[in-house]
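Hi,

Here is the structure I promised to pass on.

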Amino acid sequence: MENLGVNNKKEPKDYSYVKKNFYESVDDKTLKKVDSFAQSYINFLNECKTERESFEFFKGQALEKGFKEFNFGDKIEKGGNYFYNVRGKGIVLFHVGDNDIEKDGIRIVASHIDSPRIDIKQVPLYESDGLCFLKTHYYGGIKKYQWTAIPLSLHGVVVLKNGKKVEINLGEKDDEPVFYINDLLPHLGQNQMEQKAKAVISGEQLNIVVGAKPLKTDGNDKIKRMVLKILNEKYGMTEEDFLSSELSCVPAFKARNVGFDGSLIGGYGHDDRVCAYPAFQSIVDMTNSKHTIMCLLVDKEEIGSEGVTGMKCKVYEDIIEEICSALNKNVRKVRANSMCISADVTAAFDANFPDVFEKTNSAILSCGTCMSKFTGARGKSDSSDASAEMVGTIRKIFADNNVVWQAAELGKVDLGGGGTVAKYIANLNIDTVDIGVPVISMHSPYELISKADLYSTYQAFCAFYK
Ligand code: MN
Ligand code: MN
């Protein structure tokens, strides 16, 4: 009988490109690390739901790891590890390596720590027919109907009349009250259900229930006055103090393992903390690098990267300039030779909605971190579109370090699109490409990612910094 197990003929070489599943490509030792990394990430997600809370977390961890707070004009030394506080809403970490930065440039990973949410207006409080509400203006691109009838928590700061800043974080602990946006019962929802999804809940209907108990007194607005009494007792604030507040409602859910095999994570704000977290962990783990490496965790990406904490702000350029002048190097040469990974999420192929994806060029869950050469929409508009040379350089780094990764673009041509901070960094004459974790149900109150892709993203950033 013919021995079918032995092939004496030389196998023809296979030149095709096939995506690899991360789980089928790595050893058991790595699989253990995937789970422990995922657990620390889940803890971080539950502790940090806003850019301010993420900043505090990263600052605390950076100090523990021996990073020094840097201010403009401070000394910068080779081998030093520093962080810069961007107004309590963003953080820049950097390690100064031995290599000459005029030749070697700076290796940058840039991610954002703001997420879509429901912001409270400046004159928000009103009472109507047995309930007290807060008026809101949503932040970032959301499907409004997804934010009704779920538990919400309240986060942010209020600057009181006397200048004192009060921090609010209410609704995360099990014994704390949560907040709520009403939806219509199906029994009376016949007309609503005929509406376009856009119109099912309007912006001005995103009102948050904050009370229903009247104060025992005469006059009007007794429920509102009760809420104000509680706010004054708890936070020392009056109604006028909302004028100088930054308060947001976010989903009060805890991040959890998803699936029988627990291989996925459901949580609020994966976009983009699922890239910010591995970006941070990789820079603190790679401070022995010969390269000068930098991690930007920025604010305001979801509303266009504007303002003093967004990626378009001069502060990020200023920090690069400070490093160059401290080392007596030409900043233009340094920028020209620098490279940046714009670390942001992309859409994962969703078998429930195959029509909007072109499968060959879509990110498949658990096939590793995903590189998007370009983003944008309608003929690549608004995208910085990384060069083949840049992609080639990153490919080689990943291949040399056994990083499991895939390439994709966001959805079918002309069906939509998205942008990241990539173009703002590329505009500084720094080669930049988008790399990040594929996400299901992006911008919803509870997004889904694969633990394999999270860990692969961490490995990718470590390889880039190494
Ligand atoms: Mn994002
Ligand atoms: Mn986003």
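How many salt bridges does the rule find across the interface of domain 1 and domain 2? It finds 4. Bear in mind that this is a predicted model.

First, the layout. The protein chain splits into domain 1 (22–115 + 268–465) and domain 2 (117–251). Their centres, taken over C-alpha atoms, are 33 Å apart. At the interface, 16 residues of domain 1 touch 16 residues of domain 2. Between them the two domains bury about 1,400 Å², with 49% of that on carbon and sulfur atoms. On the domain 1 side, Lys 49, Arg 52 and Pro 445 provide 35% of the area buried against domain 2, more than any other three residues. There are also 10 residue pairs in polar contact between the domains, both residues being at pLDDT 80 or more.

Lys 49 pairs with Glu 172, the closest N and O atoms being 3.1 Å apart. Arg 52 pairs with Glu 246, and there the closest N and O atoms are 2.2 Å apart. Arg 52 sits in helix α3 (residues 51–64) and Glu 246 in strand β11 (residues 245–251), so this pair ties together parts that are 194 residues apart in sequence. Glu 246 counts as partly exposed, at 34% relative accessibility.

By the same rule the count comes to 24 salt bridges. One of them joins Asp 100 and Lys 329, with the closest N and O atoms 3.2 Å apart. Asp 100 is in the loop between β3 (90–95) and α4 (101–104), and Lys 329 in the loop between α9 (315–326) and α10 (331–336), so the link spans 229 residues of sequence. Another is Asp 400 with Lys 396, at 2.9 Å between the closest N and O atoms. Both of these lie in helix α11 (residues 388–400), 4 residues apart, or about one turn of the helix. Lys 314, Glu 317, Asp 318 and Glu 321 are linked in a salt-bridge network.

Now the metals. The manganese ion (ligand 2) is 3.4 Å from ligand 1, and Asp 271 coordinates both. Asp 271 belongs to helix α8 (residues 270–285), while Asp 344 is in the loop between β15 (339–342) and β16 (346–347), 73 residues apart. Both Asp 271 and Asp 344 are buried.

Cheers

Key:
Residues are numbered from 1 along each chain as its sequence is written. Chains are lettered from A and ligands numbered from 1 in the order in which they are written. This is a predicted model: local features need pLDDT of at least 70, side-chain atom pairs count only at pLDDT 80 or more; totals for chains, interfaces and linings use all residues. Side-chain values use heavy atoms; hydrogens and water are left out. Donors are N, O and S atoms within 2.8 Å of the metal (3.2 Å for Na, K and Ca); water is not among the atoms, so sites may look incomplete. Helices (H or I, at least four residues) and strands (E, at least two) are DSSP runs, numbered from the N terminus. Buried means under 20% relative accessible area, exposed over 50%, partly exposed in between (1.4 Å probe, protein chains only). Domain bounds come from an automatic or database domain assignment. Contact means heavy atoms within 4.5 Å. Buried area is the accessible area (1.4 Å probe) that two parts lose on being put together, summed over both. A salt bridge is a side-chain nitrogen of Lys or Arg within 4 Å of a carboxyl oxygen of Asp or Glu. A polar contact is a pair of N or O atoms within 3.5 Å; within protein, one must be able to donate a hydrogen and the other to accept it, and residues adjacent in sequence count only if both atoms are side-chain atoms.
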